[in-house]
Amino acid sequence: MNLLEVKDISKTYGSGEAAVEALKNVSFSVEKGEFVAIVGESGSGKSTLLNMIGALDVPTSGKVIIDGKDIMAMKDNAATIFRRRNIGFIFQAFNLIPELTVEQNIVFPLLLDYQKPDQKYLDELLDVLNLENRRKHLPSQLSGGQQQRVAIGRALITRPSIILADEPTGNLDSQNSSEVIALLKDASRKYGQTIIMITHNRVIAQSADRILQVKDGVVTDLGNVQS
């Protein structure tokens with residue numbers, strides 16, 4: 001079953017001679033529970049593509065359908081609510097709130113939506129992320145790898161339809177990078193979580209189920225990764 005369908009997405013910035021085609025008629029689908037890596041050089045269009053999938057930007061043409069819903073047809077307020085409830089984001093820069101503890105940072109998306117955290121699920125996430133003994137710590141008291149694990153927990157806490165990870169290991173050393181990728185892979189298996197990850201690192205991309213390559217705004221499916 002396809003959870004995500006990207007249909008003929010194009011994105012052009014500027015006009016006339018200054019026009020830049022960031023994406024060119026991009027189409028692909030992602031199954032529920034699939035872990036997909038998107039690779040490409042800087043400026044290839046991969047971040048633009050992720051922004052389209054995450055409803056953070058609007059394409060010049062085309063559709064993005066998540067769980068049967070055309071997110072491009074939604075009005076701003078509806079899109080904001082859908083994004084908050086159905087899309088989890090993991091960024092390279094962690095984007096944690098300095099004044100909040102590990103536990104508070106993780107449940108923050110739920111509080112924004114006036115929802116009460118599921119304590120059992122929160123405890124399970126803290127255990128899976130190896131953050132149980134850090135739950136009352138502030139971000140400044142954590143290592144980079146620990147901060148990114150908090151960001152993963154924050155993305156998982158709403159049980160989103162899809163998680164979008166933008167260079168999630170970009171600020172981490174090799175050991176922490178390996179741990180973060182292993183956690184994402186575990187989340188995909190344990191929770192049936194659909195994950196799309198941008199990375200310029202081909203070795204890290206091999207951890208995914210399938211690899212898509214973006215080059216000059218064109219997406220090529222490189223196929224399933226051999227396990």
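What follows is a conversation about the strands, helices and pockets of a predicted model.

Me: What kind of model is this, and how are residues numbered?
Reply: The model is predicted; local features need pLDDT of at least 70 and side-chain atom pairs count only at pLDDT 80 or more, while totals for chains, interfaces and linings use all residues. Residues are numbered from 1 along each chain as its sequence is written, and side-chain values use heavy atoms, with hydrogens and water left out.

Me: How many helices and strands does the protein have?
Reply: There are seven helices and ten strands. Both are DSSP runs numbered from the N terminus (helices: H or I, at least four residues; strands: E, at least two).

Me: What about overall dimensions?
Reply: The C-alpha atoms fill a box of roughly 55 × 40 × 35 Å along the principal axes. The radius of gyration is 17 Å, which agrees with the value near 17 Å for a compact globule of 227 residues. That radius is taken over C-alpha atoms, and the globule rule is 2.2 Å times the number of residues to the power 0.38.

Me: Which strands form the open sheet, and in what order?
Reply: The order is β2-β1-β4-β5, with antiparallel pairing. Two strands count as paired if DSSP finds at least two bridges between them.

Me: Why is one side of β2 and of β5 left without a neighbour?
Reply: β2 (20–31) and β5 (69–70) stand at the edges and each has a single partner strand, so one side of each has no neighbour in the sheet.

Me: How is β1 joined to β2 and β4?
Reply: Eight bridges join β1 to β2, and Ile-9 stands opposite Val-26 in β2. These two strands form a hairpin with six residues between them, and Gly-14 in the turn has a positive phi of about 80 degrees. Five bridges join β1 (residues 2–13) to β4 (residues 61–66). Glu-5 stands opposite Ile-65 in β4, and Ser-10 faces Ser-61 in β4.

Me: Which helix lies across those strands?
Reply: Helix α1 (residues 46–53) lies across β1, β2 and β4, at about 55 degrees to β2. Axes are lines fitted to C-alpha atoms, for helices over the stretch in contact (heavy atoms within 4.5 Å). Angles run from 0 to 180 degrees between N-to-C directions.

Me: Changing topic: what are the partners of β9?
Reply: Strand β3 (residues 35–39) runs parallel to β9 (residues 210–215), with four bridges; Val-36 stands opposite Arg-210 in β9. Six bridges join β9 to β10 (residues 218–224), and this pair is antiparallel. β9 and β10 form a hairpin with two residues between them, where Asp-216 has a positive phi of about 50 degrees.

Me: And the largest pocket, what lines it?
Reply: Its volume is about 340 Å³, and 14 residues line it, with Ile-87, Phe-89, Pro-109, Leu-112 and Arg-154 nearest its centre. β6 gives the most to the lining, with four residues. By class, the lining has seven nonpolar, four polar and three charged residues.

Me: How are pocket and volume defined?
Reply: On a 1 Å grid over the protein atoms alone, probed at 1.4 Å, a pocket is an open set of points with protein on both sides within 12 Å along at least five of seven lines; lining residues have an atom within 4 Å of a point. Points are joined across faces, edges and corners, and volume is the space filled by probe spheres set on them. Ala, Val, Leu, Ile, Met, Phe, Trp, Tyr, Cys and Pro count as nonpolar, Asp, Glu, Lys and Arg as charged, and the others, Gly among them, as polar.
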